[in-house]
Amino acid sequence: MTVTESAPATEFIGQRMLRREDPALLTGEARFTNDLVVPGALHLALVRSPYAHARIVHIDTSAAVALPGVVAVHTGADLAAAWAAPMPCAWPVTDDMKNPAHFPLAVDKVCYAGDGVVAILATSETAARDAVDAIDVTYDPLPAVIDLEDALADRVVIHDALGTNTSYTWALKVEGAPGQIDAAFESAAFTVRERYVQQRLIPMAMETRAVVAVPQPFGGDITLYSSTQVPHILKIMAAITLGIPEHQVRVVAPAVGGGFGSKLNVYAEELLCMALSRQHKVPVRWSESRTENTQATIHGRGQIQHIELAADADGRLTAVRVRLLADMGAYLQLVTPGIPLLGAFLYAGVYDLPAAYDFECTSVFTTMTPTDAYRGAGRPEATYAIERAMDALAVEVGIDPLELRRRNFIATEAYPYTAWSGLTYDSGDHDAAATKAAALVGYEALRERQRTQNIAGATTRLGIGVSSYFEMCGLAPSRVLASLNYTAGGWEAATVRVLPTAKVQVVTGTSPHGQGHETAWSMIVADKLGISPDDVDVLHSDTAIAPLGLDTYGSRSLPVGGVAIAMACDKVIAKAAQIAAHQLEASVDDLEFAHGAFTVTGSPESTMPLAAIAFEAFSAHNLPEGLEPNLECGVSYDPPNFSWPFGTHICVVEVDTETGAIEVLQYAAVDDCGVQINPLIVDGQVHGGVIQGLAQALFEEAVYDSDGNLKTSTLAEYLVPAASDVPPITLGHTVTPSPTNQLGVKGVGEAGTIGAAPAVINAVVDALAGLGVRDVPMPASPNTVWSAILGAAPAPTDTAGTDVGDHPDATARTTVAPPEGGAP
Amino acid sequence: MIPAAFDYVRATSADEAINLIGEHGDEAKFLAGGHSLLPLMKLRLAQPSVLVDIGRLSDLSYIRDAGDHIAIGALTRHHDVEHSDVLAEHVPLLAHAASQVGDPQVRHRGTIGGSIAHADPASDLPATTLALGATYVAQGPHGTREIAALDFYEGFLTSTLADDELLTEIRVPKMQGAGWSFQKFNRRAQDWAIVGVAAWRRNGDSGVALVNMGSTPILATRVSAALAQGASIEDAAAEAAAEADPPSDLNASVEYRTHLAKVLTRRALEAAGT
Amino acid sequence: MEISVTVNGTEHQHDVEPRTLLVHYIRDTVGLTGTNVGCDTTSCGACTVHLGGESVKSCTILAVQADGADITTIEGLATDGVLHPMQRAFMENHGLQCGYCTPGMVMAATSFLEENPHPTDREVRIGLEGNLCRCTGYHNIVQAVLAAADA
């Protein structure tokens, strides 16, 4: 019998099955961390630094201690003995990377506004909050460092012991022959040289973080409930940081209200609740306010990108050179330094580039909230740079930007394609996705309309923006992670357990927080085992129930965790086959497994359903000699490769040149994520991803003033768009199965975000090209667009331009500046 | 998210409310819908020691035709202003402006009186009532007085309303068929305007007021004067920012606001017709 | 201060501190945790409930202001174990992912349809301007509300 590695029947896979997660979430029955009732819990509140950079001179806690309900007040100095190790950074990207020791409470010095200084425990949240106002901290303020190029200059060094603000420089240079890159630029028919800024973003999961630590004072065990994406990683790291034997730590992620990377971390408040609950021998809980969330939860992006492209006379790329300056924030969180590296392989986009690629990233500390993974994590940044630069190249070459992309796409027949980096791209059909996207918006007709609409003097200008991308997900082959100095691997674990009554439990190491794993995993198992999804329960997000796993981030859950489940099903089938063969008195090789039953080839009456085998496995009355009872198999699956979802997005905008307002008229996204387990969920992931990318392009930015104060600390100032502010989305899909796993899946969580921001900005710039605008920085607010128009030189073909304003201060030129010194 | 502690008293009449606020001094605040005050209190940016809840004074919630004007009780909710048939007929500009305040949930709780008394230059209704030449009625310990909208706004979040005075009624002249427009420009629909323009025109008369173009709502008298003298819309709109002193913030520079005020005023006047 | 509030048809009487927000009263005192808190600036709408049949943000109302009021929370929408048409429409149109904004979104949407039973796509979007969602991009939420309007 051949049951291993076979693609499953697809009775359920591919169906738009409604989510089993929904009824609890729709009725208020779901329990988020703040919903847990824990008798006797004390409430933690933190006094946070109002300064970006200051020495702590004195802390007076006397008034707070005297308040009713206040149980204890701890400073960083008090708690120094509670930590066995500093807060973890799992990704020392270079051997000489600088990483300042970082503890849950600051001791001598604060390094960003929001840094924790004092921990208060009280009998109610209200009492704890009142006590915050009663703590008097004297600070000696130091200069803030909020500009990356200023940080690089080391005029103010943030971490004294390091002697510099530079954390590391990491390079990836590949050329077929020495000097190939320089030669390519020297002989290029066309070059472009661009500088883009990836503004800081705030992830803004709708559920802020929340933590409950429940100790067992006389046994030493401790259970941590946390709104986290990574219960497994958190368990290991908490054990190390607190010096608790790992087997005594249990981490549970209850219902989690979104993460987007922000809950892929080990946070001070998790460690504080654990340490203080052990010290005080009572449960301790903490709930993050939104204003705390914007400062104490990681930010994303924060890069200055210099990208240079060289191309031949037809516009075909011959070399790519990239220099990044990346903002680490005040400290290195769990994977902070690795984020720019996740993009390092994507600055050549989906294009057939000869081995002429030169990438270097320098990362610096600033006095702002630490950065870390935010939806896409390095890949949206890279895609933005190459896709914006491709549009700039199209202008240079003088051809349509879609045509330029077509000329450069990796050809479908070239797959599997070994890239300049040595990585193998699994499968792709870029032209098909682009063609489909173009058809969805009516690309040619739009270009025609644009020619008649964007005439001299027009104040409502049409723009069309294209973006083609790879997602690069399925994080990650452990050997590749090793080469990038990541401390852990990238495998995922799964156990499939057939119960005596033929119901199935699936134990997964993924930890969903909106992705619908319970539904999707049950569909995979149902097809593999020939049973109903209703007979499958999916267990997850509790390290006592699912002890092995590496959690959910980086669009990895399906291509790694989902594939692991399919493989565990294969093992179950193989074991069941032995029992069936024994019972049916046949050879395993003569059995066929279909529709949930084994049948002897050629003897359809000689059959045994999985349900009967399950009970035989349980009763163990009559098993083959030497076979263990029970029908339960586990797999730890390490993917052989990244998976490479791809696609093309096209955005159509009108820009009101009088006000700078942008209206998105159409948005089409064609994403190819390989085989779709549940298209309903795939569509939702793309929709949400697109709007997060569009929000970066048009709305969102974490803005700091020169003193290092976050000016966008609430949802009133940080502009997460509402339904009224964003367009409907037209979706299309192509399906190019991945050959690297039995399900043919690739992953989809970040594709929308990766594709969207460059599509939107390309459209905006395209609309304004006739006015001489070459770039509009993100977020393209009306004010920013208006300033870009004012600052642009009138294009020779459209000298009449548009009367955009009358103020004399036309200094706000925001178009491309040449790279600064030190850049290429 | 948790306000500082305060004492709470509930008034059963306007007289009682005024007495209570008088008793408690300047640390006391009226609480109507609470949608201006409570957000500040949750962030502890406001910490009144006493709140006098006037939310149950249902006799201050009404919209009445009073002949030459419409009388609106101060506790009338934005939602009710938005959906009033009387206002739709006689003061459609105000009904429309109310539909642009905040979001539906805010409009279900927030009141016109609360919004005006808060005197936020970025709010829609202070400027709109200013453009319409409204009169506000205030009741204090010594009786009631009328305050022209033009005399009401003193500075950022401050008005000529005394601490112990309660805004009870907003009187808005009927528009008598005037053309009108409310141009609200923002990045998210739920937000305050970056710049807003409320305008009406009828024969040679007009009223134009600006949202978020200074420390108070701004009556653009030079626009109306220019129109009265026969200037083109384009030329009149060029005067829009002449009396403004716009702020600079995350969403807009002074220059951009100045420019927007002119563009939006032009568009408002064009939409209002002659 | 002693207050009496009817929540999902059941009358509750409690002594509350004046500064207690309605959302905290509902969650912590009444014990109905379906209503969520997502911000501190009346921006996100996660805490939306019905007060007297209309959508309100329960984070911006004091419990004492709600004395005597009739309140419906997300727990009060389904009857006898059967989802309300709006809840069913959200499920059928995949109008939720993490589900955190969902109770507030559903309560805002039901109140909106009361006022505008046959909206357009654009009207739905404007009608939900007071509710933020980070997962769905709103597309399927709008589809769900349109479907519920047709139901």
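This is a predicted model: local features need pLDDT of at least 70, side-chain atom pairs count only at pLDDT 80 or more; totals for chains, interfaces and linings use all residues.
**Where chains B and C meet**

Let's start with the contact between chains. On one side are 23 residues of chain B, and they touch 25 residues of chain C. On the chain B side, β1 (7–10), α2 (37–42) and α6 (104–109) each supply at least two residues. Of the elements there, α6(B) gives the most, with five residues. Sorted by class, the side of chain B that touches chain C has 12 nonpolar, six polar and five charged residues.

**A helix in chain A**

Next comes α15 of chain A, residues 517–529. Its 13 residues reach 18 Å from the first C-alpha to the last, close to the 18 Å expected at 1.5 Å a residue. Because 13 of the 13 residues of α15(A) are buried, the helix is largely enclosed by the rest of the structure. After α15(A) comes A:Gly530, which has a positive phi, near 70 degrees.

**Two packed helices in chain C**

Finally, look at α2 (residues 85–92) and α3 (residues 102–115) of chain C, which pack at an angle of about 125 degrees with their axes 10 Å apart. That angle makes α2(C) oblique to α3(C), and the crossing is right-handed. The residues that meet are set out here.

| Helix | Residues in the contact |
|---|---|
| α2(C) | C:Met86, C:Gln87, C:Phe90 |
| α3(C) | C:Thr102, C:Val106, C:Ala109, C:Thr110 |

By class, this contact of α2(C) with α3(C) has four nonpolar, three polar and no charged residues.

Methods: Residues are numbered from 1 along each chain as its sequence is written. Chains are lettered from A and ligands numbered from 1 in the order in which they are written. Two residues are in contact if their C-beta atoms, placed from the backbone, lie within 7 Å. Helices (H or I, at least four residues) and strands (E, at least two) are DSSP runs, numbered from the N terminus. Ala, Val, Leu, Ile, Met, Phe, Trp, Tyr, Cys and Pro count as nonpolar, Asp, Glu, Lys and Arg as charged, and the others, Gly among them, as polar. The expected span of a helix is 1.5 Å times one less than its number of residues. A residue is buried if 20 or more other C-beta atoms lie within 10 Å of its own, exposed if 12 or fewer, and partly exposed in between; C-beta atoms are placed from the backbone. Axes are lines fitted to C-alpha atoms, for helices over the stretch in contact, and angles run from 0 to 180 degrees between N-to-C directions. Angles under 35 degrees count as roughly parallel, over 145 as roughly antiparallel, 65 to 115 as roughly perpendicular and the rest as oblique. A crossing is left-handed if the near helix is turned anticlockwise from the far one by less than a right angle, and right-handed if clockwise.
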